[in-house]
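Q: I'd like to learn how to read a few features of a model like this one. Can we go through them one at a time?

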Amino acid sequence: MSNDTLNSPPELYLKGRAWVEIDLLALEHNAQTLQSLLPQGCQLMAVVKADAYGHGAIHIAKHLEAMGIKAFAVATVSEGVSLRQSGLLSDILIMNYTHPQNAVFLEKYGLMQLIVDGEYAKALNDSGYEIFVHISLDTGMHREGIDISKTEEIESIFSMKNLKVEGISTHFSSSDSLVQEDIDITMRQLSLFYDTVDSLVSKGYDVGKLHSQATYGLLNYDDDRSHFARIGIALYGVMSHDDKTRLSPKLKPVLSLRANIAQVRWIEAGESVSYGRTFVADKRIKLATVCVGYADGIPRNMSGKDATCLVHGKRAPILGRICMDLLMIDVSDIDNVVAGDVATLIGNDGDDEIRCEDFALLSDTITNEILSRLGSRLPRIYI
Ligand SMILES: *Cc1c(COP(=O)(O)O)cnc(C)c1O
């Protein structure tokens, strides 16, 4: 057991309020399964941004590196620096903006920077630091990247003396959908990407490693020319949502979210629960208070939405508004519930399971958001 998150006394019992359990065998299973789907010559680039989607970036990245994964992607330069300081030796790509004032860290820690346009490339080049870069091409998502029609702007980067181009990438806007219009758009993005790459190659540029796919790109599309697939959510054993994919490998959820029960008592019919009295009991109810709330990443808008948690392997409905640190559940039908018992918000208990996908759906979002917003005060326990 270890705890990367809290600066807590070492003797503190980590399962003492609310915590996240990380199943490293499930992570290994997912990494191997996903790697086996990649074409010859293509490797996983493990996306460990946002603290590895709430799983703890240092622990996850070091475990994957020990398994042989050699490329990682994060959002921010500080995420990259903290991985290096923890001893990670592999390639690390920074996908978000790094201010040119921070270019020194890119050089010092050997981090690769994603370049989104010529102006940004020039600013980094002018910093005087020697920096490895990947060029991001905008093939239609219009989030980041150089417009592929701007040939001169793209080519100019190759002649910048402090920048060494190590790769070229693009990102799909709609690869998670199998609606025909979205398929057409994704196929078009892919062909625009390779048209641009081919034209650069024909002019003698060394474009380095190519990558286009994230999780849904990999599961819905073939790309046998890429060298990396930038995989995030699937590594953690869940999908963003339940929409069908062309390939559906058997993945194992890595994360469980559990919390202790602090108090159990009966309330009478007509009494209400939590702020605003949105829940009023229509019969006598055995109520339990669970030590987890929206500050831990349980979305407050899940209140009143048929959300449940598991206690002794049985479903216990969440009652009334979710508070910052606590929420209340109905355990009337569950025997022998006492303070100190465990409630499972995400994960297995007995024969039942609360899937992260179902949890996310209850608050109208995707698993990526739920996981990446799990609170930093939750200890991560690795098993
Ligand atoms: C976050 C991100 C990924 C990973 O996406 P998943 O759907 O979680 O696999 C890949 N590429 C880029 C550019 C990203 O921002």
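A: Let's start with burial: a residue counts as buried when its relative accessible area is under 20%. Asn220 comes in at 4% relative accessibility, so it counts as buried. Keep in mind that this is a predicted model.

Q: Which backbone atom does the side chain of Asn220 reach?
A: For a polar contact, look for a pair of N or O atoms within 3.5 Å. Here the Asn220 side chain gets to the backbone nitrogen of Arg246, at 2.8 Å.

Q: What surrounds Thr245, neighbours within four places in sequence aside?
A: Thr245 is in contact with Leu178, Tyr216, Leu219, Asn220 and Met239. The side chain of Thr245 also reaches a backbone atom, the oxygen of Leu247, at 2.8 Å. For a view along the chain, take Gly217: it is 28 residues from Thr245 in sequence, and their C-alpha atoms are 9.7 Å apart.

Q: How do I read two packed helices, say helix 1 and helix 3?
A: Begin with angle and distance. Helix 1 (residues 24–37) packs with helix 3 (residues 57–66) at about 55°, and the axes are 11 Å apart. That angle makes helix 1 oblique to helix 3. The crossing of helix 1 past helix 3 is right-handed.

Q: Which residues meet there?
A: Helix 1 brings Leu24, Leu27, Glu28 and Ala31, and helix 3 brings His59, Ile60, His63 and Leu64. Sorted by class, this contact has 5 nonpolar, 2 polar and 1 charged residues.

Q: Which residues of helix 4 are buried, and what do they pack against?
A: In helix 4 (residues 77–85), the buried ones are Val77, Glu79, Gly80, Val81, Leu83 and Arg84. They pack against helix 2 (49–53), helix 3, strand 3 (71–74), strand 4 (91–94) and helix 5 (103–108). After helix 4 comes Gly87, with a positive phi near 105°.

Key:
Residues are numbered from 1 along each chain as its sequence is written. This is a predicted model: local features need pLDDT of at least 70, side-chain atom pairs count only at pLDDT 80 or more; totals for chains, interfaces and linings use all residues. Side-chain values use heavy atoms; hydrogens and water are left out. Axes are lines fitted to C-alpha atoms, for helices over the stretch in contact, and angles run from 0 to 180 degrees between N-to-C directions. Helices (H or I, at least four residues) and strands (E, at least two) are DSSP runs, numbered from the N terminus. Angles under 35 degrees count as roughly parallel, over 145 as roughly antiparallel, 65 to 115 as roughly perpendicular and the rest as oblique. A crossing is left-handed if the near helix is turned anticlockwise from the far one by less than a right angle, and right-handed if clockwise. Contact means heavy atoms within 4.5 Å. Ala, Val, Leu, Ile, Met, Phe, Trp, Tyr, Cys and Pro count as nonpolar, Asp, Glu, Lys and Arg as charged, and the others, Gly among them, as polar. Buried means under 20% relative accessible area, exposed over 50%, partly exposed in between (1.4 Å probe, protein chains only). A polar contact is a pair of N or O atoms within 3.5 Å; within protein, one must be able to donate a hydrogen and the other to accept it, and residues adjacent in sequence count only if both atoms are side-chain atoms.
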